Structures are given as C-alpha cells and as structure tokens.
Amino acid sequence: MPGKILPRAATAALLTLTTLIAPPARADDVTPVTVTVNARAALATAPETGIGSNHAIWDANLGTDQTADLLKDAGVKLLRYPGGSYSDIYHWADHTAPGGYVAPNTDFDTFMRGARRTGAQAMVTANYGTGTAEEAAAWVRHANVTKGYGVKYWEIGNENYGNGHYGSAWEADDHADKSPAEYARHVVAYADAMKAADPTIKIGAVLTTPANWPDAITAEGDDGSWNKVVLSLAGPKIDFVILHWYPGALDRAGQVPDMIRLTRQQLAAYAGPGSDRIGIAMTEFNTGSSSNGTNTQPGALAAADAYASLLANGVFTVDWWNVHNGIGNVTEVEGHTDYGDFGLLSSGVCNSSGVCEPPLNTPFAPYHALRMVSVFARAGDQFVTAATDQPKVSAHAVRRPNGDLAVMLINASPDTSYPVAVDYAGFTPAAGAPTVLTHVNGADAITTATTGTATSQTLPPLSLTTVVVRPAAPQAGLPGAPGRPTASNVTDRAATLSWPAAAPGARPIVKYELHRQNGAVSEQLGETAGTSYTVGNLKPGTTYTVNVIARDSGGGVSWASPPVTFTTGTPATSSCTVRFTDQTDWASGYVGAVEITNNGAPVNGWTLSFTWPRPWQSLGSGWSATWTQTGSNVRAVSEPGNASLATGASTTIGFVGNYAGPNLLPTVFTLNGTVCTTRQ
C-alpha cells in the first residue's frame, strides 16, 4: 500500500531545525469559538469494536504481555492479523510467508493469547493471493472449533486491487485472472467453505475507498469498477466490506460522511436485496503524513478527528496501521522529533544515521489519541452532531445511556489557545465544573481535572479535550427512543417516513417529532401521533438526514432515533430532461456527458446550470458549449450549432470534472432557469 511503511532499516537524515517560536496567543486575545452540540441530531451508536489496530507477523513484540497491556490501556477492542499485504503470502498452518520475514513468537495462537489479554476481538485476513478456500476453512476450524477462540470477523485478502490489474502492483496474487470478477468468485467460494466450518462467522470483502485509487476506474474487459463487480457477484455472500484510508493530509475528516455515504450507495445499488445488513470496516487507517507528523501531536489530532468521524457515520471498526512499524523519515514537528513511524508504539530501533527512537513500547502521540477516543465514546454511547465556527477547532459529541453528554474538542492551532462557548440543544447541563480530560503537545499522558463549566472551556494549542457533562435534571421515566426510520415514496418534493414505535416511559407518548439535521442544528419538519408522516415542501436533488423523537404527556422527550438519510429526486415531468453519465473515471477526475432534451416549446439559445455538491470539485474543461465556473456554480451556454432545440430535440455536451475527495455527482440541472428531469 503506498504510504505504508514495512519494517526495514530505514535510511533517513535527521533534519536539525532551528526555529523561533512565537509565544502562544492568549485566550483573552482571540475571538471565542462557538461550539454547537445538538442532542436531538443523533448519528450512529459507538460499537464495541470501534477502536482497533493492526498486528503484523514481522513484529517480534506482537505477543508480549507489555504490548497487550498497553493496547488494553488504550481501549483497543479489535486486533487485525496477520498484517496488511503479508496476509496474501501467509500460511497459518506452518507459520510461513514465502518472500517475507516472519518474526519468532508471532504465530496465530500467540496472537490470540495477546488479543485475549488485551480484551480485544480478533479480525483475521485469510490468504487470497497465494492461498485457497480450503486453507482458509481449515483456519476457521482450528480457531473456532478446535481452539474455541470464537473469531467472528474474517476478511478475504488484503488490498487485492493492487495486484497489477489497474497498473500498480504490490499485492501478491497467483491467480492468472486478476480481475474483480475473479476475486468475487473466490470470495463466494471462500465464504461457502469457511461458513461450512463455522456458520456464525462474518465474511468481509475488499473494496476500494471512494476517491482513492483505483476507485471508480473500469479496467479493460471488466463490467464496471472493482466495487461494482465485486458487490454484484459476491454481495449476497458477504457480511461486511473493507476500506483502507491513508489520507496523506491532516485535515480530511470532513470527507468522511461522503466517503461512507458513497459506499452505502454502492452497497444498495449492487449488493442485492438486504444489503443494509452489510457492515463497513476501516481495517487500515493512518494519517499517512510523515511530513506533517505521523507520530507527533498533529497526527494524533487528525487521528482522533478521523476515528470519531468514521464511528459517528456507522463504521464498526477503525484499525490503526500499525502497533509497531519502525523508523522512517526523521523530522522536527511542532517542537518534537517525529520519527516517521506509523506505529502506535515505538519499535526502539535506530536508523543508519544513528538516530534512535525512544525505548521499545514508548507510546507515540496517536496512541494517546486512540485512548482519548475510547474514553470519550464508549460502547453504547450515541453520537450526536457537533460543530464549531472556527476551522482550527473541531468538535464531536456523544450521549451516554446514563444521560451524560461527552464533548471532544480538538484544537489544531499550533500557537493559539481558544476559549470556547458551548451551546446545547436538546440537553440542559448541570451547574458546576465538569470532568475534563486533556492531552497537550508533547505530553506522555492524558490528564483529568474538574474545571471550567459545561458551557465554557479553554483549549490549549495542539490539544485534545474531552468534557463530560451531567444533565441538570433526572432522566428517569422518559420514553424510549423510536426505531430507525425508513423513507419511501421519495419524489422531488416529498417523502414518507415511517418508524417503529417507541416504548413509553412513566407517561403515555402523545406525539412524535421529526427533526432534520442541518449542520449541528435541527429543523423540525413535522409531528404526528402515529408512526408515519409525509414530509412536503422539500427541495429537488437534496439530501436529508432526519431523526424522530417521542414526547410524552408531561413534555418528557426521548433520545433521538437512529438517523435516516434520503435524497429527493427531480420532477417526474418537466419542459426539459437531462441524462447525465460519468463516462470515464480515473479516481481524481472524470468525463461527464450531458444529454439535454427539450420537452417544451422550441428554444433558440439556452443555458444549462448546475452546482458542485462539494468544494473539492471543479470544472476542468468542456466542449460543445461555452463553459464557466463561478464559485461552485457551473454554466454551459449554447453555441451557434446547437442553440436551437425544437420540441423533442436533443443535444449532447460534455466536460471534465476534477475532484480531490469523495465524488458526489451533481443531480439537479436547470435549463434557462427551469429544473429538468434528471436521468442517469
């Protein structure tokens, strides 16, 4: 995997930097940051397996008690084995990996002993590249029948799209046919054989991550992209899908909702009936940014932001690469040595220049980030939306079953302490100082104090802060949360939402309220005494995320339901129709074709307009029209040769669209100001 550092004696010169560090800006000299927390805008529930990490068979410290205990202290609840691309050369029965290094005391049973000491579930990657379904099934029998380990999660291969089929090759693959169709056929065979050994296990298939190469590329001879082909053929046999993400920058957490949304759209489109049962696992994650701080505080802040964002969007595990990884490019980052090490814990090694890491198993900053996330969002906590008005400060929040609220605040500024004012919706905090957990730049531990108030805190530069707030009033006797809503009969202007009834508390339920998430605030769409409601006055081509709450006869309010997300369409009939297709994609751009049909009176001269859904999208070039972009708005003006469109006449124009993040396609087009019917 590009960006993944495999163990080796890295050669890197230590850069000695002399910097003049300006004194940090005082909190009373800067504009306070407004943080908005909305307890009625619920997201996913924190899973038991949320905080994970990778173990590797080339790591001689994989099975030590010290390593296991450090991982336990960090809150790690899932460990992946046997280690990235090694998975596709590893043979578990004789503990060999031809072409790779296998360290002593790293066999499967040793791994499981360490995982049990940590208190973590195991995820095992079966060898697809050089193995067989029979070998994988024997591993399941050994693990769960012979040994009784109860290993639930089993992946089929690692990054098998990296087998040369799309050009680049780093993943072992002995199959003559390296297409996604061949991989999918083997996933089916593996799933059948492995579930014959233990029907209770969960099988995962490898996908490409939206906007990460080779996502969306269709290779010669294939019926579609890797994801489309794999899900179409293997979807009914799998229980979860596998993503890997090395963003290479420290400010990419904002792309997570679209990344997961596009993955769910692909599951719904290609995986067959009941695809909503299929989970999403991020089995490799690292900031992938050695120049900006792989194992120093900036990387830790980015890690906490990404972990919380992924879990809030329903990913059931996020697994750091790696527990130990080894020294890389050594730099100075924000006053501390960054060893370019993608591990959570120091390997205690030196490079050829004589630069040595801290002693073995010294935690790096991302270790403390994972520990902070694990104490912030505990299994069973419900994520709720949170936002700030300062780009350098990000916020996440969870509501706990006992009624408490926890808010994690991340200050990415290297030199400014920010005072924050926290505003709560759907929650009234208790008076008095809350519990505050803090990790600052260079610290070797998280500190705990009782300080500030529920609505006022000060964030040190480059810090992680979690504030745990108790409710002002007792929470007993409230209704239970309604079940997850579903959306049906979705048109351009309306949708019908239905949900399972909430369990009443001390008083009867008198109504349900529907709240749309609009950033970190809610907009009430309606209320009803029943369990179904048709929402009107919606905007075409717009995505809506809605929660339902129950209110009882005494005004008591339940927790919010899990969210439902749906997107309205365009008018069923219009004076114009647009057929939009993504014709060729190269994972950072695509050729879009736009066929315009005039369904109304003859037109002599036209302007087609649409808006990019995200700021990381832009117009590269266009043809058969005069194309311009202003802000996020795109206009295509007719040329003399296609300006006249008789009733029923069509013309086709095209453009190159560029993107640097998950690529949500435009869905709403207007022709001379009229919203067209869109076909894809």
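**Reading loops, buried residues and packed helices**

Mentor: Let's start with N105, which sits in the loop between strand 3 and helix 2. Keep in mind that we're looking at a predicted model.

Trainee: Okay. Is N105 buried or exposed?

Mentor: To read that, look at the relative accessible area: over 50% is called exposed and under 20% buried. N105 has 58% relative accessibility, so it counts as exposed.

Trainee: And what is phi of N105?

Mentor: Phi of N105 is near 60 degrees, a positive value, and the residue is not a glycine.

Trainee: Where is N672, the other asparagine I marked?

Mentor: Look in the loop between strand 36 (670-671) and strand 37 (674-675). N672 has a positive phi too, about 50 degrees, although it isn't a glycine.

Trainee: Next, peptide bonds. What is the omega of the bond from Y81 to P82?

Mentor: Omega there is near 15 degrees, and the bond from Y81 to P82 is cis. P82 is in the loop between strand 3 (78-81) and helix 2 (108-118), and N105 is in the loop between strand 3 and helix 2 as well.

Trainee: What about the bond from W321 to N322?

Mentor: That peptide bond is cis too, with omega near 15 degrees. You'll find N322 in the loop between strand 9 (317-320) and strand 10 (331-333).

Trainee: Let's go inside. Is A42 buried or exposed?

Mentor: A42 has a relative accessible area of 0%, so it's buried. This alanine belongs to strand 1 (residues 33-45).

Trainee: Which residues does A42 touch?

Mentor: Leaving out residues up to four places away in sequence, A42 touches Q382, F383, V384, Q517, N547, A560, S561 and P563. Check V546 as well: it is 504 residues from A42 along the chain, and their C-alpha atoms are separated by 8.8 Å.

Trainee: Where is S413?

Mentor: S413 is in the loop between strand 14 (405-411) and strand 15 (418-425).

Trainee: What does the side chain of S413 reach?

Mentor: It reaches the backbone nitrogen of T416 at 3.1 Å. Beyond its sequence neighbours up to four places away, S413 touches K392, Y418, P461 and L462.

Trainee: Now helices. How do I read two that pack together?

Mentor: Two packed helices are described by the angle between their axes and by the distance between those axes. Take helix 4 and helix 5: their axes come within 8 Å and cross at roughly 30 degrees. That makes helix 4 roughly parallel to helix 5, because the angle is under 35 degrees. The crossing is right-handed.

Trainee: Which residues meet there?

Mentor: From helix 4 come P180, A181, Y183, A184, V187 and V188, and from helix 5 come W226, V229, V230, L233 and A234. By class, that contact has eleven nonpolar residues, no polar ones and no charged ones.

Trainee: Which residues of helix 5 are buried?

Mentor: In helix 5 (residues 226-234), the buried ones are W226, N227, V229, V230, L231 and A234. They pack against helix 4 (180-197), strand 6 (202-206), strand 7 (240-245) and helix 6 (256-270).

Trainee: At what angle do helix 5 and helix 6 cross?

Mentor: They cross at roughly 45 degrees, with axes that come within 9 Å. Helix 5 and helix 6 are therefore oblique to each other. This crossing is right-handed. N227, K228, L231 and S232 in helix 5 meet Q266, L267 and Y270 in helix 6. That contact divides into three nonpolar, three polar and one charged.

Trainee: One more pair: how are helix 7 and helix 8 arranged?

Mentor: The axes of helix 7 (residues 297-312) and helix 8 (residues 365-376) come within 8 Å and cross at roughly 35 degrees, in a right-handed crossing. Q297, A300, A303, A304, Y307, A308 and L311 in helix 7 meet A365, P366, A369, L370, V373 and F376 in helix 8. Here the classes are twelve nonpolar, one polar and no charged.

Key:
Residues are numbered from 1 along each chain as its sequence is written. This is a predicted model: local features need pLDDT of at least 70, side-chain atom pairs count only at pLDDT 80 or more; totals for chains, interfaces and linings use all residues. Side-chain values use heavy atoms; hydrogens and water are left out. Buried means under 20% relative accessible area, exposed over 50%, partly exposed in between (1.4 Å probe, protein chains only). Helices (H or I, at least four residues) and strands (E, at least two) are DSSP runs, numbered from the N terminus. Contact means heavy atoms within 4.5 Å. A polar contact is a pair of N or O atoms within 3.5 Å; within protein, one must be able to donate a hydrogen and the other to accept it, and residues adjacent in sequence count only if both atoms are side-chain atoms. Axes are lines fitted to C-alpha atoms, for helices over the stretch in contact, and angles run from 0 to 180 degrees between N-to-C directions. Angles under 35 degrees count as roughly parallel, over 145 as roughly antiparallel, 65 to 115 as roughly perpendicular and the rest as oblique. A crossing is left-handed if the near helix is turned anticlockwise from the far one by less than a right angle, and right-handed if clockwise. Ala, Val, Leu, Ile, Met, Phe, Trp, Tyr, Cys and Pro count as nonpolar, Asp, Glu, Lys and Arg as charged, and the others, Gly among them, as polar.
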